[in-house]
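Here are my notes on this structure, for a first reading. Please keep the 3D view open as you go through the points.

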Amino acid sequence: MKEGFFKKLLDNASDLIWAVDMEGRFIYINDNIKEWGYDKEELIGQPLLSILNAQRIGKRETRRSIMGIHQTYEMEIVDKKGTAHKVVVKSSPLEEEGTIVGVMGIIRDITELERLERKLKDEERLASLGRLATGIAHEIRNPLSSVKMNLSILKKRLSPKGVDVEHFEIAQEEVFHLEKIVSELLDYAKPITLDLKICDLTQLIDVAIAAVAAPCAEKGVTIRTEYDGRGHMALLDKTKITQALINILLNSVQASLENSEIFVGAETVKFPSSDRARVVIRDQGYGIPEDNLKYIFDPFFTTRKDGTGLGLSIVRNIVDNHEGSITIESEQGKGATVSIELPAP
Ligand SMILES: Nc1ncnc2c1ncn2[C@@H]1O[C@H](COP(=O)(O)OP(=O)(O)O)[C@@H](O)[C@H]1O
Ligand SMILES: [Mg+2]
């Protein structure tokens, strides 16, 4: 086979393949080095350790390879732009006619793989958590409505007075909260079947805004809308998307300061493959601390006293099922911005 064939084979490999001489200077490196932000030519003759975050590649390991030991180890490497990558390095002695003349090896970037593994583990954990919680919710639902009914019968019959009224009210409020958890939980765990129709997203936004009118009025919060163009058509399940929008708006109202404003915008964004309809909901509330941002879509994550932590989990489910995407950005004390993108037909 021609030499060109092997060169192509090496250059097209998805791993970084390298060889260094006894001084640790590159004598070969494949095209993959471009992914690390380097130019192949500028590196030949340069020490390997100078580019790949020298302090982390122990010289000791390199020496041992020279003495004829094969090595595999994980480490973190920083590319030319300063981005850290988790990698697996495999190295072995480079021999020529029976003498060791250097070290050769591969470096495989496993950052993405690790991220996917973590995500899969998270999803599995959440799925089994969901099954468990749904089982419990089903068990609780009937006894709970019996408690509720009996409480209200007793209240009527005993006509409580003074502090007893309060005791009844607390009990009834707690039952109400439990009911909310149970129904949101069952909602969250129910497999979603979408009834997709092409419809105008802005109409659904208007319905969702109307649905949160009462809590808005209570706090003096106004909602300002800005829809660029007339309609923003998308393939949607009306009920589900409206529910998702209500959940997001409610969070914003709850986080808002008195008499502040919530902005809701809609636009259609052009992408090379297809267009997407985007809704942006921005509040001026207390915001989300950075440490919490990664948990807000987890079921049961809540920072509110009467929260269930299921609102955004339900939103995430609905958006995912629409093959859409959702992002939340926030700076503590400065409000939060939620963006949803949905495929436009
Ligand atoms: N607009 C927002 N501003 C500040 N915090 C928010 C906002 N939206 C969501 N959060 C945070 O995310 C958490 C989870 O939200 P959610 O899933 O709707 O559950 P819940 O509203 O029952 O707490 C909230 O408790 C709150 O801490
Ligand atoms: Mg909520």
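1. Strand E11 (residues 325–330) pairs with E12 in the antiparallel sense, over six bridges. Strands (E, at least two residues) and helices (H or I, at least four) are DSSP runs, numbered from the N terminus. Two strands pair if DSSP finds at least two bridges between them. Serine 325 stands opposite glutamate 341 in E12.

2. This is a predicted model: local features need pLDDT of at least 70, side-chain atom pairs count only at pLDDT 80 or more, and totals for chains, interfaces and linings use all residues. Residues are numbered from 1 along each chain as its sequence is written.

3. E11 and E12 form a hairpin. Five residues lie between them. In the turn, glycine 333 has a positive phi of about 85°.

4. Which strand do seven bridges join to strand E10 (residues 276–282)? The partner is strand E12 (residues 336–343), and the two run antiparallel. Arginine 282 stands opposite threonine 337 in E12.

5. Now the helices. The axes of helix H7 (residues 201–211) and helix H9 (residues 238–255) come within 9 Å and cross at roughly 50°. That makes H7 oblique to H9. Axes are lines fitted to C-alpha atoms, for helices over the stretch in contact, with angles from 0 to 180 degrees between N-to-C directions. Under 35 degrees counts as roughly parallel, over 145 as roughly antiparallel, 65 to 115 as roughly perpendicular and the rest as oblique.

6. Leu204, Ile205, Val207, Ala208, Ile209 and Ala211 in H7 meet Lys238, Ile241, Thr242, Leu245, Ile246 and Leu249 in H9 (C-beta atoms, placed from the backbone, within 7 Å).

How values were computed: Chains are lettered from A and ligands numbered from 1 in the order in which they are written. Two residues are in contact if their C-beta atoms, placed from the backbone, lie within 7 Å.
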